[in-house]
Amino acid sequence: MNIGYLDTLPEALNAFNVALEVGEKVVFAAEPSCFGNEKDRVVGGPGSKLTVTNKRIIANNGPGNFTVDIAEDVASIARVKTGRILKSDYISLALKTEIVFDDGKQMLTGFHFYLKKIEKDAMDEIVNRLNS
């Protein structure tokens, strides 16, 4: 992954007041309509927040944050478009290792982020450049 690309992006508004580390900047922030695990089981519904920095991806579902280090934790990221009649269009993020949450009751190995079209297109540009 071309993670260095994220450092070249202009800083975006830290819309959700994510605590940033030294040398970290927000490059994308959006309120997804929802996000789910790799099997589309809903993890965060309306009111969820997604922040992408030059180092991390933070998905907030209200009760908590799912934070992944892009360089260490992300196996792949892509925009996925499926179906002809029942269409689906989302950003798919696969993790190198599973995340256990809900006091050990649930786990996931990836996320599907459902964004508004303009946000999907902006995130798609980031995804394409990360994969170049």
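Buried here means under 20% relative accessible area, exposed means over 50%, and partly exposed lies in between, with a 1.4 Å probe and protein chains only.

A word on the source. This is a predicted model, where local features need pLDDT of at least 70, side-chain atom pairs count only at pLDDT 80 or more, and totals for chains, interfaces and linings use all residues. Residues are numbered from 1 along each chain as its sequence is written, and side-chain values use heavy atoms, with hydrogens and water left out.

Back to F66. Which ring pairs with F66? The ring of F111 does. Their centres are 5.7 Å apart and their planes stand at 70°, so the pair is edge-to-face. The rule: rings of Phe, Tyr and Trp (its six-membered ring) pair if their centres lie within 6.5 Å; planes under 30 degrees apart count as stacked, over 60 as edge-to-face, and the rest as tilted. F66 sits in strand 6 (residues 65–69) and F111 in strand 9, 45 residues apart, and the pair links these distant parts of the chain. F111 is buried too, with a relative accessible area of 2%.

Now the whole structure. The search finds 7 aromatic pairs. One of them is F35 with F113, a tilted pair, 5.5 Å centre to centre with 40° between the planes. F35 is in strand 2 (residues 34–37) and F113 in strand 9 (residues 106–114), so this pair ties together parts that are 78 residues apart in sequence. How buried are they? F35 has a relative accessible area of 0%. F113 has 3%. Ring pairs link F35, F66, F101, F111 and F113 into a cluster.

Let's zoom out. The protein has 3 helices and 9 strands. Those are DSSP runs, numbered from the N terminus: helices are H or I, at least four residues, and strands are E, at least two. Along the sequence the pattern reads α-β-β-β-β-β-β-α-β-β-β-α. The radius of gyration is 14 Å, close to the 14 Å that the globule rule gives for 132 residues, so the protein is as compact as a globular protein of that length. That radius is taken over C-alpha atoms, and the rule is 2.2 Å times the number of residues to the power 0.38. The C-alpha trace spans about 40 × 35 × 25 Å along its principal axes.

Last point, burial overall. What share of the 132 residues is buried? It is 42%.
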